[in-house]
Amino acid sequence: MSEAPDLSENEALAAEHALGVLNARDRADAEMRMAREPAFAADVEAWRMRLAPMLSGLAAVPAPQGLWQRIERLLPANDGGIASANDNGAIMNKLRFWRNSAVGGFALAAASLAGVMVQVNQPPVVVERQVPVAPQGQLLSASVTTGEGSRVQPLFTASYDPDRKALIVTSLLPEGSDRDKVHQLWLIAGKDNPKSLGLVESGKAKVIALPTELMAKMAEGATLAVSLEAPGGSKNPNGPTGPVIGAGQLSRL
Amino acid sequence: MAAAATTSDILTPLMTRIAAGEREALRQLYEATSAKLFGVCLRILSDREESEDVLQDVYVTIWRRADRFDGARASVMTWVSTIARNRAIDRLRARGPMAYAEQVDDMEIADGQDSAETLLSAADDRNRLHGCLSELDDRTQSVIRTAFFEGVTYEALANRMDAPLGTVKSWIRRGLAKLKGCLQS
């Protein structure tokens, strides 16, 4: 092979990130650059595509029976068919699960949990079927915080924009923090069990498209909470598996 | 990839429907790709249970990110395979440092029955990459493949190979530059 010109420093970094050789700190830096520099993100993506054919030689192995059904149950709320529990037992279990993980959560989150706890400690009630309603046209925002008194620390901000049918969430945590974990955002409206709104990466902003069912729940006083989860998010679609690290209520802008 | 962009990709229309929130389209994509992606997860994780977990996560990720798919840049199979690989590597890293303890050994790609291949026209891309990789010296090929399939960091590679960090880094960077040159020629 003839001598190839060296890659530029930027492209070398993009290639290294795509290949996966960067250590955790450099990986976090690269992720941050991808979020801020579209050209760098495009370089990484191009390298991922260059290397991907290595995967095409691998043997196909039939996925286990029943896996699709499990996946379908896990599909998050960005669609029209939210998996909802309709029997009392399941709801009891889910609420218990939520409550346990909340109680076992970080001590530093205890104060901001108070609001959440009040709601989950109410006796389980059959979830009322939500009738989709037209957007109210109400802009709402929430600050998801941890700590108490003078030590309240904002972790996330969220704004609900009914015109965009979206919730815009910004993580205020440093990029790459909680590296081996992910932050999962939950909506707790009334007595319903928590609805996952998806994962939010540290230091990044995300626009979460909301289906009508969830838009109807975006109301003043509804709580947003964030839990710390293993990669991939909570295994339980109806509540956090990991500790809740912060919570805050939606209010009018 | 050039071949991906020019070959009609029968899976592409599914991506639009998935991005629009159509579960049936995701189910069809699952039918067409799950065996391939399960193979990817198994290759990286060597653990069936973990691979099942990751595979679940991969389809949930596809569901969330389908709107980011760009058919001009990659075939659907390339795109979803990359998601599967990255998720599996994330899981591998989450196992902790012990996951990196083993030695570099036979990293040859297992050439399995690729039932999906005719669907996916991946053969051209694969052969090209294969050809270009084989032009690299054995050591460079081996470290690039190890890094790709195991997500092993420079530090861990240097440790395994008992070579200075800067040297390993230079092998890989030179190798990647050559690879790019070869793929473009």
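Two residues are in contact if their C-beta atoms, placed from the backbone, lie within 7 Å. This is a predicted model, where local features need pLDDT of at least 70, side-chain atom pairs count only at pLDDT 80 or more, and totals for chains, interfaces and linings use all residues. Residues are numbered from 1 along each chain as its sequence is written, while chains are lettered from A and ligands numbered from 1 in the order in which they are written.

**Exercise 1.** Work out what share of the contacts in chain A with a separation of 6 or more joins residues 24 or more positions apart.

*Solution.* Step one: take the contacts in chain A with a separation of 6 or more. Step two: pick out those between residues 24 or more positions apart, and you get 69%.

**Exercise 2.** Decide whether Arg50(A) is buried or exposed.

*Solution.* Start with the rule: 20 or more other C-beta atoms within 10 Å of a residue's own make it buried, 12 or fewer make it exposed, and anything in between is partly exposed. Arg50(A) has 23 C-beta neighbours inside 10 Å, so it counts as buried. As for its place, Arg50(A) sits in helix H3 (residues 38-51) of chain A; helices here are DSSP runs (H or I, at least four residues), numbered from the N terminus. Its C-alpha atom is 9.4 Å from that of Ala18(A), 32 residues away along the chain.

**Exercise 3.** Find how helices H3(B) and H5(B) are oriented to each other.

*Solution.* First, locate the pair: H3 covers residues 23-45 of chain B and H5 covers residues 76-94 of chain B. Next, look at the geometry: they pack at an angle of about 30 degrees, with axes 9 Å apart. Axes are lines fitted to C-alpha atoms, for helices over the stretch in contact, and angles run from 0 to 180 degrees between N-to-C directions. Angles under 35 degrees count as roughly parallel, so H3(B) and H5(B) are roughly parallel to each other.

**Exercise 4.** Trace which residues Ala88(B) touches beyond its neighbours within four places in sequence.

*Solution.* Leave those neighbours aside, and Ala88(B) is in contact with Val40(B), Cys41(B), Ile44(B), Leu45(B) and Val54(B). Then widen the view: Ala88(B) is among the residues with the most contacts inside the largest nonpolar core, which has 72 residues. Such a core is a set of buried Ala, Val, Leu, Ile, Met, Phe, Trp, Tyr and Cys residues joined through C-beta atoms within 7 Å. H3(B) gives the largest share of this core, eleven residues.

Conventions. Helices (H or I, at least four residues) and strands (E, at least two) are DSSP runs, numbered from the N terminus. Angles under 35 degrees count as roughly parallel, over 145 as roughly antiparallel, 65 to 115 as roughly perpendicular and the rest as oblique.
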